[in-house]
Amino acid sequence: MQTIHLQWIDYTILVAYVAFVLGIGWTLARYMKTSSDFLTSARSIPTWVTGLAFISANLGALELVGMAASGAKYGIATAHFYWVGAIPAMIFLAVFMMPFYYGSKARSVPEYLKMRFDERVRALNSVAFAVMTIFASGVSMNALAKLLNQLLGWNYNAALWICSGVVLLYVLKGGLTSAIYTEVLQFFMIVLGFAPVVYLGLKDVGGWHTMNTSLQGVAVATSTNYAANAWTSTWQPLLAGPAHNPMGVDWFAIVFGLGFVLSFGYWCTNFLVVQRAMAAKNMTAARNTPLVAAVPKMVFPFLVIVPGMIAVALTANPGKDYRIPPPVIAQANYDQAVAVVKTATPADNAATVAAVDKALGKDVNPDKIAALVTANTTAKLADADIEKGIYFSVKDNDYDGVILSLVKKYCPPGLLGLALTALLASFMSGMAGNVTAFNTVWTYDLYQAYFAPGKSDSHYFWAGKVTTIAGIVLSIAAAYFASMYNNAMDIIQLVFGFVNAPLFATFLLGMFWKRTTGTGAFLGLFGGIAGSTLFHAVTIAQGNLPGVKGGYIKVLETFPSEMAQNFWLAAFAFTVCFTLTLVISLATKSMKTDAELRGLVYSLTPKTVDHNLSFWQRPAVLGTVLLIICVILNFIFF
Amino acid sequence: MGLDIRWPIGLMFTLIGVLLAAFDININQIWGIVLLIFGVFMLLGAISGK
């Protein structure tokens, strides 16, 4: 029931992809001569490449798997993570922030913070970022190895080490350039690998309109609070209030918490994505990088969210023989449950249900088990049919399994290899992105700044290579850590939230208010992190128990959903950081002169002149056009 | 930096497209041809880019 058996054609596609990825690394190795070549691509890459790498570095498999899961749980409203929670921030980064990042000649985001504020702010940001990238990389690799283990029966350790080894080889050979170039290849692999699954899924449910009709039926059947458009509209269910949409959030939390604080905090300050734009060959290319990335980002909901909606529509049609997959259950447990059903009689149904529950370790639907036992008593069923009946009777849903269940349902050998290679590509691009960002920040912002200043360039070049190996090894260690503790993911994401939520306030004030001081920024950031930790300690989401999900000091506020709690936490942390930075800056003396801040602060920097570009090539014009398209998309799916 | 990325992308998708096409709708054949066209398009871009 669980594992897939690949054929030679599937393995051939997988091997071809790995060979080309390694080939890119080997080809670029001869161009790696300085630390700048290895760690920053010597600022030499054209826009379309950095733009696609920008989006691909963000398109890890957690996004592919997670967004399909969210599409099933929340419907088209998941597109808020794109049309509200990404595009406006990417345009802001391109038009207003890239001139400072690129023009300051900083080699990393923490280095910009050092130039704008002081060493304390750089140290805080670079240490937090280095730790977070390692954990993000490890969590992603753990998810991949688990997936390959459950789906293909591959050994967990072998899958983890081999996939990490491939990433290590091509990053070690070609540095950031190799990561960026392979991210472009991975981008096309992901799009072309998953597009046929979406096409076949839509064909199966009868097209877009038929799918929406099915989803309207599901919405009404799920809750009396939901209007028929709960899964098919982005804004109307939100405006009706948290109780009337499956996300359990209100419009303000989406607009301010997600659309402003979290979105701008990620897209405008996270070195993982900003690094791609900083590798561009000139200022115009750097500014256009996020705009090029915004085009595919705008249409990605149709590639990654629609599969989740297809899955829900399929469950509404019993003739399609599909359910949202249950949590992964070992084959041995299914075999035990089959043995129980085979010997059961309709008279002892309660005992049968209890025995099947025990065999699977999951609750099953008593009515479905009763029907299965009756059917087996009437006419002896084959083991495979009994197993299928048990599979359909498990109560719990594992939404993260949605995308793979559709791949299994629709992809014959060949296309299956392509889709699985696309999944592998998304994991690798995520890991390579994290490792290259880690080795730049570690080498330049920690090693060169504090441990070995004033060494030769070749020393830092080799330090970068050693850091790449260390980054991969630490990622593998983080993967084992994530695999050992069931709630490791929750804890890691929680810490990310505490550190990331206030960060944009520091950048916003630093870039657009010259009076912001290093002390204000440093204490404001700490205050923001403390504020978000305290907020989490006194709030909880409905249905959760006090603990890692919050409320461990006292429950002062209960939110309708975890998502609402996270969005409000971000809004609170931002406000605390912004206010503290503002007040402390006014109370302290700036250590930087206007001359030192030129190129780092908006009011002291000559405006970037785009007169040499034709009208339609100017970032401000392109950004405006993209913003208008984004608004139109929001209205189409209102 | 010394490598036009359209070469490996074009070569890889041309190869996979040919493989898939050679191997109620015959999705492998159809999608193999789509990948082949995409791969050739990339290779033509790389050749003209020279």
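Trainee: What separates the centres of domain 1 of chain A and domain 3 of chain A, and over which atoms is that taken?

Mentor: The two centres are 23 Å apart, taken over C-alpha atoms. Keep in mind that this is a predicted model, where local features need pLDDT of at least 70, side-chain atom pairs count only at pLDDT 80 or more, and totals for chains, interfaces and linings use all residues. Residues are numbered from 1 along each chain as its sequence is written, chains are lettered from A and ligands numbered from 1 in the order written, and side-chain values use heavy atoms, leaving out hydrogens and water.

Trainee: What makes a stretch of chain A a domain here?

Mentor: The bounds come from an automatic or database domain assignment. For chain A that gives domain 1 (8-315 + 407-484 + 607-636), domain 2 (327-396) and domain 3 (488-606).

Trainee: How many residues of domain 1 of chain A and domain 3 of chain A are in contact?

Mentor: Contact means heavy atoms within 4.5 Å. By that rule, 47 residues of domain 1 of chain A meet 44 residues of domain 3 of chain A.

Trainee: What is the buried area between domain 1 and domain 3 of chain A?

Mentor: Buried area is the accessible area (1.4 Å probe) that two parts lose on being put together, summed over both. Here that comes to about 4000 Å², with carbon and sulfur atoms giving 79%.

Trainee: How many salt bridges and polar contacts are there between domain 1 and domain 3 of chain A?

Mentor: A salt bridge needs a side-chain nitrogen of Lys or Arg within 4 Å of a carboxyl oxygen of Asp or Glu, and the count between these domains is zero. A polar contact is a pair of N or O atoms within 3.5 Å; within protein, one must be able to donate a hydrogen and the other to accept it, and residues adjacent in sequence count only if both atoms are side-chain atoms. Nine residue pairs across this interface pass that rule, both at pLDDT 80 or more.

Trainee: Why does chain A agree with the compact globule rule?

Mentor: The radius of gyration is taken over C-alpha atoms, and the rule is 2.2 Å times the number of residues to the power 0.38. For 638 residues the rule gives a value near 26 Å, and chain A has 26 Å, so the two agree. Its C-alpha atoms fill a box of roughly 90 × 55 × 50 Å along the principal axes.

Trainee: And chain B, what radius of gyration does that have?

Mentor: Chain B has 12 Å, whereas a compact globule of 50 residues would be near 10 Å. Its C-alpha trace spans about 45 × 15 × 10 Å along its principal axes.

Trainee: What do you find between chain B and chain A?

Mentor: The contact takes 22 residues from chain B and 35 residues from chain A. About 2600 Å² is buried between them, of which carbon and sulfur atoms give 87%. The salt bridge count is zero.
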